[in-house]
Amino acid sequence: MASADEAIADVADGSTILVSGFGGAGLPEQLLTALVNQGARDLVIVSNNAGNAGNGIAQLVAAGRVRRIVCSFPRQPDSGAFEQLFREGKIEVELVPQGTLSERIRAGGAGIAGFYTPTAYGTELAEGKEVRIFDGVGHVFERGILADWALIKARTADRWGNLTYHRTGRNFGPVMATAARCTVVQVSERVQLGAISPEHVITPAIFVHRIVQER
Amino acid sequence: MNISLRRRSADEIAQRVVQDIPEGAHVNLGIGMPMKISNHLPKDREILLQSENGLLGMGPLAAPHEVDTELVNAGKQPVTMLPGASLFNHAESFAMIRGGRIDICVLGAFEVSVNGDLANWRTNRDDAIPAVGGAMDLAYGAKRLYVMMDHQTKDGRSKIVTTCSYPLTARSVVDNIYTDLATLVIQSDGIRAVDWINDLEFEQLCDLTGVKLLPPKD
């Protein structure tokens, strides 16, 4: 349990950071604001989008703190600074199909080094990758992603870090929570141990390291 | 000739697509034009919409008093949930998609080739920001893939082509094409025209499409 600033104080330059969210839904805004203030540079951000409308990822990008973005959908009506840096070649982008992105994170968290997927076979996004035919269908080899940090948003946490989420704000959160050396969660509600029914826990506490109460 | 045609509106195309969605289907709608379909689902058929950001049993767009910014569709618009809806994480969502649980996916397209290749994620413009989202997973994983698009580009070229000029999303995946001019089905022996607007004769539709079309079956 910590403030957002304390919870991400030891993020080092060059870290790989998973950030939950689909557009604004499930985006841990307060953790991202703290990261902007904290000052770490040369970051690799793994998230579905590349930031829009001045949100937390967009601020990090605009401040020149992101070396590389791994994402599925960087194009947004208002992608702000990203668009300019991309056109000037000042930010690296690794474009990953959305299902491959979530599965790479799932695999990383599950101790799986890599997997074969039919998605993107025969397309530009498979160029240079190992391919193999299974049962007559072409597949592409993809590596799992294991990150230094996961910054995620959930609705409710107990003291141990069991989590529930709110509606489609869940998206990448439960997957990313499993795939980082340190998972930091922004929550809107804290409850006593036992208040979340064990049947309703979405992310078991073993995956959660630090909890920040939203202000 | 083009200028005077009474083309189908996006809502009319959506109404046509819905005729080919059976009772009980699990359906994913791509962002853009296909989202219109959610406004035209028939009351007498139970059709379950899946949204790849983690929702099965998606309801209509949210009215102003119903908006929850954490309940959105794949286009990030606020939506509602039907009774019986379920929520899940992204890995589970794409297990449904890649695992073949989605009966029909409707996507927009830049180009579709005669053998069903789909190009819908990037153009060849150097400064365009590429964005693939879930299109490649959906194109491969859905049991049936419908494309909903304008028949021609703004400068009058057919979007139905012999070979796609834009980078592919997936090969040989498109089953049906619904446009402002016609409904087409891709078969092993070519593209068959199913129906088209009243203003056109079959030969005129073939000319506008620019690739060989098979006439409707009787």
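In the predicted model, the buried residues of helix H2 of chain A (residues 29-38) are Gln30(A), Leu31(A), Leu32(A), Ala34(A) and Leu35(A). A residue is termed buried if 20 or more other C-beta atoms, placed from the backbone, lie within 10 Å of its own, exposed if 12 or fewer do, and partly exposed in between. Helices (H or I, at least four residues) and strands (E, at least two) are DSSP runs numbered from the N terminus. An α-helix has 3.6 residues a turn, so residues three or four places apart point the same way. The cover over the buried residues of H2(A) includes helix H1 (4-7), helix H3 (56-62), strand S8 (147-157), strand S10 (180-190) and strand S11 (210-213) of chain A. Just after H2(A), a positive phi of about 100° is adopted by Gly39(A).

Residues are numbered from 1 along each chain as its sequence is written, while chains are lettered from A and ligands numbered from 1 in the order in which they are written. As the model is predicted, local features need pLDDT of at least 70 and side-chain atom pairs count only at pLDDT 80 or more, whereas totals for chains, interfaces and linings use all residues.

Chain A contains 6 helices and 11 strands. Its radius of gyration is 17 Å, close to the 17 Å given by the globule rule for 215 residues, so chain A is as compact as a globular protein of that length. The radius is taken over C-alpha atoms, and the rule is 2.2 Å times the number of residues to the power 0.38. Along the principal axes, the C-alpha atoms of chain A fill a box of roughly 50 × 40 × 30 Å. Of the 215 residues in chain A, 53% are buried. Among contacts (C-beta atoms, placed from the backbone, within 7 Å) in chain A between residues at least 6 apart in sequence, 74% join residues at least 24 apart.

The contact between the chains takes 37 residues from chain A and 32 residues from chain B. On the side of chain B that touches chain A, helix H2 (90-98) and helix H3 (135-141) of chain B are the elements that give two or more residues. H2(B) gives the most, with 5 residues.

Within chain B, 3 strands form an open sheet of mixed pairing in the order S7-S6-S9; strands pair if DSSP finds at least two bridges between them. The edge strands are S7 (118-119) and S9 (160-161) of chain B, each pairing on one side only. Strand S6 of chain B (residues 111-113) pairs with S7(B) in the antiparallel sense over 2 bridges, and Val112(B) stands opposite Leu118(B) in S7(B).

Conventions: Two residues are in contact if their C-beta atoms, placed from the backbone, lie within 7 Å.
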